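Here is a short briefing to read alongside the sequence and the model. Take a moment to find your way around the fold, then work through the points below.

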Amino acid sequence: MAKMTLEELAACLEARVVGDGNTIITGVAGIEEAREGEITFVANPRYRSKLLSTGASAAIVPPDVEDAPLALLVTAEPYVAFTRALEVFHPRERPASGISPDAWVDPSASVGKDVSILPFAYVGKDAEIGDRTVLHPFVFVGNRVRVGEDCCIYSHVSIREGCELGDRVILQNGVKVGSDGFGYAQQGSRHRKIPQVGIVCIEDDVEVGANTCIDRATMGETRVRRGTKIDNLVQVAHNVQVGEDVILVSQVGISGSTSVGDRAVLAGQVGVVGHIRIGKDVHIGAKSGVHSSILDGRIVAGIPTMPYEVYLKTMAVLKHLPRMREKVRKLEKEVQALAAAAIDRSGRSEEGGKEPPD
């Protein structure tokens with residue numbers, strides 16, 4: 001088991017030690033689960049009181065926390081430092097370099113240095129695999145595919161013909177890159193398949209979650225730009241353009257030819273129609289339905305989407321609708337009764353020739 005002093009860990013994390021720098025750290029844990037020898041972290045102010053009761057030997061904290069009954073590592077970005085600490089104590093396992101005799105690599109394929117191709121992986125004609133990339137068992141790399149350097153492609157991933165991956169791309173288990181886009185032409189009562197002759201381009205430092213599908217373009221390319229992170233079970237349709245550092249949370253579905261601007265965040269189960277533009281820095285709340293373009297920087301939610309503050313007011317009113325409906329019904333009956341009484345009084349007035357006294 002790896003271990004180091006708090007001073008040594010501070011040097012790795014670029015943090016400042018408050019307390020005993022010789023404290024031995026053997027692992028990383030959450031603030032409630034941590035035990036002696038482990039380091040934890042506090043980024044949210046709500047959890048600072050737990051520093052008084054945690055079993056950890058040290059904690060990573062922001063600069064405004066320097067008074068606690070344990071040693072501290074102080075940094076402006078405690079969550080990032082915690083992430084790096086996890087990397088220190090839990091380095092990613094890497095298979096030995098080389099091509100398994102149980103893998104199939106076409107003789108025309110180009111394979112870089114220190115590549116690991118595990119049993120039952122398949123690499124097609126004229127494909128390119130960059131240096132230090134790992135292909136796990138049952139990965140399919142089609143003809144003319146380009147995979148960059150330092151990529152990690154997990155089991156049961158399919159990368160169809162002609163598609164391109166940049167450097168340091170991670171594809172989790174079951175990802176499908178370059179399946180045919182969902183395109184059909186109406187021919188009488190039947191649907192004629194439109195050939196999907198484009199490709200998918202995934203740029204550097206993108207990670208794609210398990211069982212996500214990114215469809216190839218009808219013509220041209222479907223593109224996912226640098227640094228974007230996509231969760232499990234997401235559908236990105238043909239000719240979609242996803243910007244840099246975008247977050248797509250689980251079960252998002254984006255229809256064809258839509259563009260998503262840099263740093264946009266689409267929360268879980270957001271559905272987006274085709275041929276619209278979602279601007280930069282847009283945030284869309286979970287389960288929203290996006291039916292039209294959204295300008296840069298907007299925060300929206302709902303079906304259809306509306307400004308977030310309007311959505312909150314709408315949701316606050318929604319639970320009162322049954323009671324309001326009963327009130328309206330009661331008021332309708334009262335208005336009808338008053339109207340009937342007025343008509344009755346008017347009729348009696350006409351018969352008697354004058355208005356009866358009140």
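Arg223 is buried, because its relative accessibility is 17% (buried means under 20% relative accessible area, exposed over 50%, partly exposed in between, with a 1.4 Å probe and protein chains only). Its salt-bridge partner is Glu221, with the closest N and O atoms 2.5 Å apart; here a salt bridge is a side-chain nitrogen of Lys or Arg within 4 Å of a carboxyl oxygen of Asp or Glu. Glu221 is partly exposed, with a relative accessible area of 26%.

This is a predicted model, so local features need pLDDT of at least 70 and side-chain atom pairs count only at pLDDT 80 or more, while totals for chains, interfaces and linings use all residues. Residues are numbered from 1 along each chain as its sequence is written, and side-chain values use heavy atoms, leaving out hydrogens and water.

**Salt bridges**

- A search of the whole structure finds 18 salt bridges.
- In one of them, Glu32 joins Lys50, and the closest N and O atoms are 2.9 Å apart. This pair links distant parts of the chain, 18 residues apart: Glu32 is in the loop between β4 (27–28) and β5 (38–41), and Lys50 is in the loop between β5 and β6 (58–61).
- Glu32 counts as exposed at 58% relative accessibility, whereas Lys50 counts as partly exposed at 25%.
- Asp281 forms a salt bridge with Arg263, with 2.7 Å between the closest N and O atoms. Asp281 lies in the loop between β36 (277–278) and β37 and Arg263 in the loop between β33 (259–260) and β34, so the pair ties together parts that are 18 residues apart in sequence.
- Asp281 is partly exposed at 33% relative accessible area, and Arg263 is partly exposed at 38%.
- A network of salt bridges links Arg160, Glu161, Asp180, Lys193 and Arg216.

**Strands and sheet**

- An open sheet of 12 strands with mixed pairing has the order β8-β11-β14-β17-β20-β25-β28-β31-β34-β37-β39-β40. Strands (E, at least two residues) and helices (H or I, at least four) are DSSP runs numbered from the N terminus, and two strands pair if DSSP finds at least two bridges between them.
- The edge strands, β8 (98–99) and β40 (306–307), each pair on one side only.
- Within the sheet, β34 (residues 265–266) and β37 (residues 283–284) run parallel and are joined by 2 bridges. Leu266 has Ile284 in β37 as its bridge partner.
- β22 (residues 184–187) and β23 (residues 190–193) run antiparallel, joined by 4 bridges, and Ala185 stands opposite Arg192 in β23.
- These two strands, β22 and β23, form a hairpin with 2 residues between them, and Gly188 in the turn has a positive phi of about 65 degrees.

**Nonpolar cores**

- The largest nonpolar core has 52 residues, and Ile159, Leu171 and Leu266 have the most contacts inside it. Such a core is a set of buried Ala, Val, Leu, Ile, Met, Phe, Trp, Tyr and Cys residues joined through side-chain atoms within 4.5 Å.
- A second, separate core of 17 residues includes Ala10, Ala58, Ala81 and Phe82.
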